[in-house]
Amino acid sequence: MSVDVTPAVGVGEVQPPASGLLSRRPAWLSQNLVTALILMVAGYAFGHWIGNVISSGRVWVTTAAENDAAIVLGLLFGVVGWLLGIGALNYPLAKLIGRDTVPQERTDWTKYFRFSLTHKVVGKQYLIMVLLFFFTGGLLAMAIRTELLTPTTHIIGPGTYISIVGEHGTIMMMMASSLVVGPLGNYLIPLMIGSRRMAFPRIEAASFWLFTAGYFVILTALPLGGFPTGWTGYAPLQNQAGVGMDSYLVGFLVISLGMILAGFNQIATIINYRAPGLTWGRMSIFVWSVLITSVLLATASPTLTIACVAGLLDRTVPTAFFLNVHGGSSYLWQNLFWFFGHPEVYIMALPGFGIVAELLPVFCRKPLFAYRVGAAGLVGVGLLSYFVWQHHLFQSGINPDMRPLFMLTTELISIPTGFVFLIGLGTIYKSKMRFEVPMLFCLAFYFNFLIGGITGVFLSDVPVNVTLHGGFFVLSHFHYTILGGLVFAFFGGVYYWTPKVLGKTLNKRLGQIHFWMMFVFFNLTFFPLFLVGLFDQPRRVFEYAVRLQTLNDFASVSAYLLGASFVVFVVNFVWSIWIDPKTAPANPWDSNGLEWQTESPPPWYNFERIPVVLADPYHYSEPVPVPVADLAPDNFAEAAGNGVAAAAMAGAGTGGASSGGSSAGTQDGSD
Amino acid sequence: MSRSWRIAIVLGLFACAVVLVVFTAMAYIATSPPTVSYLDSQPPGATVHLVMQTDGVVGSATGGAAHPTWVSYRIRTPKTHAWTHTTLVYLPAHSRIDVTIYQFDSGSPLRNQHFGMVTGTIGNDAKLNGKTFKVLNSYDTPNGQGVGHTFTVPSLGINVPLEGNDTSKKTFCTYGPCDPATQLHTKTTFAFTTPGVGNYRFQCFIPCGGGRYAGNGGAMQTLGYMGGFLEVRA
């Protein structure tokens, strides 16, 4: 077969347009965050009015003195208004009426507040938004720990407490599902596969603005009275709750739509937009992790979508999907929710695995140990994640004969997880590690995730699960895997890729302070909570036994200091990027990754020529350096006679170009 | 832009964010209902007289009620005798509490006859309109009014059923606060002894959250309406 390595149309002549060049409208007329906010409020008012017209006077509305239909339609129309206001619907609406669209892409700073089709802009938008999610959820966590300072004197009431707990959990789960795939996936995947863009830029941008809309929707739960179910939203408590529950259901519905879109876009991009020569066996492990995560996003999230729709119908029409007494089943919610919810756990975990496995070879200066086993481990975890969900239902009254089956599948998943762990240990073994800040986060990831993983094996055991269910032991377990795993890996990735993304280096000293504070106080917060859980303190209850106050106070004070560590990060970020910026070297970590082979920050078109990939990016200890890619494939034909080029051609034949049109000529940087 | 300006802008934005977060948090916490204190209502060691009422509709006339059509408890403030729309009350520890509840709502048959029994009070009985009783059978109460609500404190084992009223009467209270002197009600009295310091949840156990599945939502599970706390202090 042949590989098309001709330059992309216009490449070489394409320059980043001057400010506002791509837009045919003046800035004040084009859609942006302000128009989105205005139309969101207008949409809410309109939807609320429609809901009142439809439902006022219905018996269940009159007697409940709450109109769920008005709230739900208000929120849904608010989201539609948001998308209209930001310009997400311009293209489909214009096509519907057979008109051309008016390009609005801008290149000045206002692009960050608009519907941008540039993957690097969307990646940065995602970064700010996930941090906003994270810090909002973090503030709620501080409120929880403050209330738990004493078992007898209360700052917030029990209803408010459970609302805050539910809000914290839901916001954090929403955030964590996009924490890596959103900012790092959208920004880095095209760079790591030698592409100029994502496959579907409009879908990419739409997934971000849906994600943002979800933030506003879930925040409305608090002023609407909160929801008493925690983040799991169990029925029939869901059906009995006040209108704050509507925010939960609409919020998760919106977020799940964004997750589906993001997942499909990543899958299409990775399969079809890989550069010539980038075979499956040469793809970086981070791309593998995003690919598997995206498959989970695209296939597990629809279950959540349909569960939320059914829940909203129960509360508004009203149907009875989850009401046993009317022929429905509350188990249906539990099964739908956890059929999404447990893959969701790996949606959160796999990108963390990918980041640390990507970074370890760079800082150990060794090839990634057993690369193919690691990729197989990621695939194995992804597959098995669909067969474990009922371990969340051990105590729900399910058929007891089902419990050993799901105990077994849950324990089985620790095997591919172990693969991923072992490739890390194998890479570290006998290496000359460089203890840069990203590496510190990677090492902490393994320490924390080991504790989270082992306690997970305990909890998969039915007798242990029955004893510890619903307590702080479970809480600590999943905080060790998500906060101790994913979030540590995420920050490692942020420190590692900031020089690439922004062309600036984060302050090393402040980075070390951030790391050590985060690592020490994370463990001092959550390890005592294992003990609290063993001593039977339940989750979601604002009171506890007086004898547990010392441990709780210790955890609360540690939590405040853990929160302070994130303040150090923000100070470092703002200081290093804006107040006292230091230009980063082009490749400060001496990485072989394809994303580091172009300028930092990358130009508008990523690569001047679509590169031809020659090898995987982990050849760190070779006596003779192995080039990762030919970045000037104009010379490719001349070099075709030598062995390296032939190998690249062979690779391209089995992967990149042949699998879906990743030819250079088809990848135009413009949209 | 100089570095000083940049620092000033960042600090200014940070201060704005802190103010916004603190203001929002305080406003949110302040939505908790008020607490009525009976700690100083009597000399130390003397019997405390706790007076409450249950309304079928909280009523828009009260102002400030988030859900004016919900059912709700009210507690009488000991010094002013004003009815406060709350379910949070301070009581002294290890004291005898004489409770009077004026019940203004209608009733219905009990789904679970267990909640027709009086338990956990001194003598395990209560008085309905002056007559002692131990069980209120909702299916043979006068005029079929049934049981309107209960005063139940699970952790103290207390359950007292409150008989419902006949809604066809002219003096039936349409919205609260209701007046025991002029409006139709039942009067239930009983006594119990407070334990040591602690928070003891009380709640109506008759599903009365209208419009929600099985009546178990809405007012039934909301602090300030049919659920509350007896906070026992030293």
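1. In this predicted model, chain B is divided into two parts, with domain 1 covering residues 1–31 and domain 2 covering residues 34–233. The C-alpha centres of domain 1 of chain B and domain 2 of chain B lie 45 Å apart.

2. Chain A, with its 671 residues, has 57% of them counted as buried, and its secondary structure comprises 22 helices and two strands. Among the contacts in chain A that link residues at least 6 apart in sequence, 82% join residues at least 24 apart.

3. Within chain A, helix α12 (residues 330–364) packs with helix α13 (residues 371–384) at an angle of about 175°, the two axes being 11 Å apart. Because angles over 145 degrees count as roughly antiparallel, α12(A) is roughly antiparallel to α13(A).

4. As for the residues that bring these two helices together, A:Tyr346, A:Leu350, A:Phe353 and A:Ala357 of α12(A) meet A:Gly374, A:Leu378, A:Val381 and A:Gly382 of α13(A). Sorted by class, the contact of α12(A) with α13(A) holds six nonpolar residues and two polar ones, with no charged residues.

5. The contact between the chains draws 26 residues from chain A and 25 residues from chain B. On the side of chain A that touches chain B, at least two residues each are supplied by α2 (59–64), α6 (158–178), α9 (237–240) and α20 (549–579), and the largest share, four residues, comes from α2(A). By class, this side of chain A has 16 nonpolar, eight polar and two charged residues.

Conventions. Residues numbered from 1 in each chain as written. Chains lettered and ligands numbered in written order. Predicted model: local features only at pLDDT ≥ 70, side-chain atom pairs only at ≥ 80, totals over all residues. Axes fitted to C-alpha atoms, helices over the stretch in contact; angles between N-to-C directions. Parallel < 35°, antiparallel > 145°, perpendicular 65-115°, else oblique. Contact = placed C-beta atoms within 7 Å. Nonpolar A, V, L, I, M, F, W, Y, C, P; charged D, E, K, R; others polar. Domains from an automatic or database assignment. Buried ≥ 20, exposed ≤ 12 C-beta atoms within 10 Å, placed from the backbone.
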